[in-house]
Amino acid sequence: MKHSRVVAAVVKRGDRYLCMRRCRSKYAYISEKWEFPGGKVEPDESDRDALRREIKEEMDWDVCAGEALATVEYSYPDFSLTLVAYLCEAPADDSFKLLEHTDYCWLKADEMLSLDWTAADAELIRLAWPEVAAERHGQKA
Ligand SMILES: Nc1nc2c([nH]c(=O)n2[C@H]2C[C@H](O)[C@@H](COP(=O)(O)OP(=O)(O)OP(=O)(O)O)O2)c(=O)[nH]1
């Protein structure tokens, strides 16, 4: 099974985070799901360089990775990935484009799990904001 290292930018503005919706894809389990912008790290590329490159390609936006937020190992039916999320301050210039996504929104941490995330991202959110996951669990009980 193919394994990829994937970097994702958790872009923060005030108390909100940038959430992006993927396009339709051949794998139903990630098709049109919500994710953090980013992509696969190429051989001999650093995480930070990959993140900068992917966001430039996907959004025509200049984002600089800050501290690592969380790492998730996840296996989908057809491939597996190591998903590493970096916290990024939103650039002052927020004129990004949706070149590869169909939608976006800025949500507070406790609102994020209301979206239909990829499974790897849902796990990442629970790991990065355990209080949010506990709160939701409490609501369901
Ligand atoms: N960018 C990004 N990808 C994610 C996240 N969560 C998650 O499971 N993935 C998966 C979806 C993709 O299979 C892979 C990232 O690759 P990518 O963004 O370059 O997407 P892709 O499949 O269109 O790339 P490619 O194979 O066409 O080169 O990781 C996430 O938060 N951000």
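**Before you start.** This is a predicted model, in which local features need pLDDT of at least 70, side-chain atom pairs count only at pLDDT 80 or more, and totals for chains, interfaces and linings use all residues. Residues are numbered from 1 along each chain as its sequence is written.

**Stop 1: the annotated span.** Select residues 1-129. An unreviewed UniProt entry annotates them as "domain: Nudix hydrolase"; such annotations may be inferred rather than shown by experiment, feature names are shortened, and positions follow the numbering used here. The span is 18% helix and 40% strand, and its end C-alpha atoms lie 30 Å apart. Helices (H or I, at least four residues) and strands (E, at least two) are DSSP runs, numbered from the N terminus.

**Stop 2: a hairpin.** Select β5 (residues 68-75) and β6 (residues 79-89), which pair in the antiparallel sense over seven bridges. Pairing requires that DSSP finds at least two bridges between two strands. The hairpin that joins β5 to β6 runs through three residues. Next, pick S75: its bridge partner in β6 is S80.

**Stop 3: the ligand.** Which residues are closest to the ligand? They are E35, G38, G39, T118 and A120, in a shell of 13 residues. A residue is near a molecule if its C-beta atom, placed from the backbone, lies within 6 Å of it. Elements giving two or more residues to the shell are β1 (2-13), β4 (38-40), β6 and α2 (119-128). β4 gives the most, with three residues.

**Stop 4: the core.** Select A9, V10, A85 and Y86. In the largest nonpolar core, which has 33 residues, these touch the most other members. A nonpolar core is a set of buried Ala, Val, Leu, Ile, Met, Phe, Trp, Tyr and Cys residues joined through C-beta atoms within 7 Å. A residue is buried if 20 or more other C-beta atoms lie within 10 Å of its own, exposed if 12 or fewer, and partly exposed in between, with C-beta atoms placed from the backbone. β1 gives the most to this core, with six residues.

**Stop 5: two loop residues.** Most residues other than glycine have a negative phi. Select E32, in the loop between β2 and β3 (34-35): its phi is positive, about 60 degrees. Then select D44, in the loop between β4 and α1, with phi near 65 degrees. Is D44 buried or exposed? D44 counts as exposed because it has 6 C-beta neighbours inside 10 Å, whereas E32, with 13 other C-beta atoms within 10 Å, is partly exposed.
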